[in-house]
Amino acid sequence: MPSILDDIVAAKRLELAEAMQAVSYADVEHAAAEQPRPLNLSGALTSGGIRLIAEVKKASPSRGLLSPNFDPVHLAHTYVSNGAAAISCLTDPRFQGELAHLSSIKQSGASGRAPVIRKDFIFDPYQVYEARAAVPTASS
Ligand SMILES: O=P(O)(O)OC[C@@H](O)[C@@H](O)c1c[nH]c2ccccc12
């Protein structure tokens, strides 16, 4: 019997195929390579004391809508201002996440204050390049 993860991965494979139709592997790889060097995540998490990764998450399948007035940029800056060591941004549609949330957080300058990472079901390097590219590369 397929588990929920099997269903999610099947859906993700379709989403990935669509994204690759819209932006080629070579283009997303190139866009990622153009980005400035990211902040050091492992350094941010090992610099002493309790280090927290704060999550930008609008909703979840188990809990429903978590943040009705969801503002990813505002949330990210609030987290950093209050001491978060890093920001994790959900980009999966089952969590009402979008790649655009990650992009807007990065473009707001938050990624200069703390490392910003993509939280999603990652199984292809293309998705890592998408996360590095500043502009949304998929029709999300
Ligand atoms: O809010 P929930 O439904 O309890 O989910 C938590 C956790 O499973 C979820 O945040 C998570 C863990 N790993 C992931 C990978 C991708 C997307 C989401 C996730």
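1. Axes here are lines fitted to C-alpha atoms, for helices over the stretch in contact, and angles between them run from 0 to 180 degrees between N-to-C directions. The model discussed is a predicted one.

2. Helix H1 (residues 4-22) packs with helix H6 (residues 125-132) at an angle of about 60°, and their axes are 11 Å apart. H1 and H6 are therefore oblique to each other. The crossing of H1 past H6 is left-handed.

3. On the H1 side, the residues that meet H6 are Lys 12, Leu 16, Ala 19 and Met 20; their partners in H6 are Tyr 126, Gln 127 and Glu 130. By class, this contact has four nonpolar residues, one polar and two charged.

4. From H4, Pro 72, Val 73 and Ala 76 meet His 101, Ser 104 and Ile 105 of H5. The contact of H4 with H5 divides into four nonpolar and two polar residues, with no charged ones.

5. Turning to the ligand, the residues surrounding it are Glu 55, Lys 57, Ser 60, Ser 62, Leu 90, Phe 95, Lys 119, Asp 120 and Phe 121.

6. For Lys 57, an N or O atom of the side chain is 2.9 Å from an oxygen atom of the ligand. For Ser 60, the distance from a polar side-chain atom to a ligand oxygen is 2.9 Å. For Lys 119, the corresponding distance is 3.0 Å.

Methods: Residues are numbered from 1 along each chain as its sequence is written. This is a predicted model: local features need pLDDT of at least 70, side-chain atom pairs count only at pLDDT 80 or more; totals for chains, interfaces and linings use all residues. Side-chain values use heavy atoms; hydrogens and water are left out. Helices (H or I, at least four residues) and strands (E, at least two) are DSSP runs, numbered from the N terminus. Angles under 35 degrees count as roughly parallel, over 145 as roughly antiparallel, 65 to 115 as roughly perpendicular and the rest as oblique. A crossing is left-handed if the near helix is turned anticlockwise from the far one by less than a right angle, and right-handed if clockwise. Contact means heavy atoms within 4.5 Å. Ala, Val, Leu, Ile, Met, Phe, Trp, Tyr, Cys and Pro count as nonpolar, Asp, Glu, Lys and Arg as charged, and the others, Gly among them, as polar. A residue is near a molecule or strand if one of its heavy atoms lies within 4 Å of it. A polar contact is a pair of N or O atoms within 3.5 Å; within protein, one must be able to donate a hydrogen and the other to accept it, and residues adjacent in sequence count only if both atoms are side-chain atoms.
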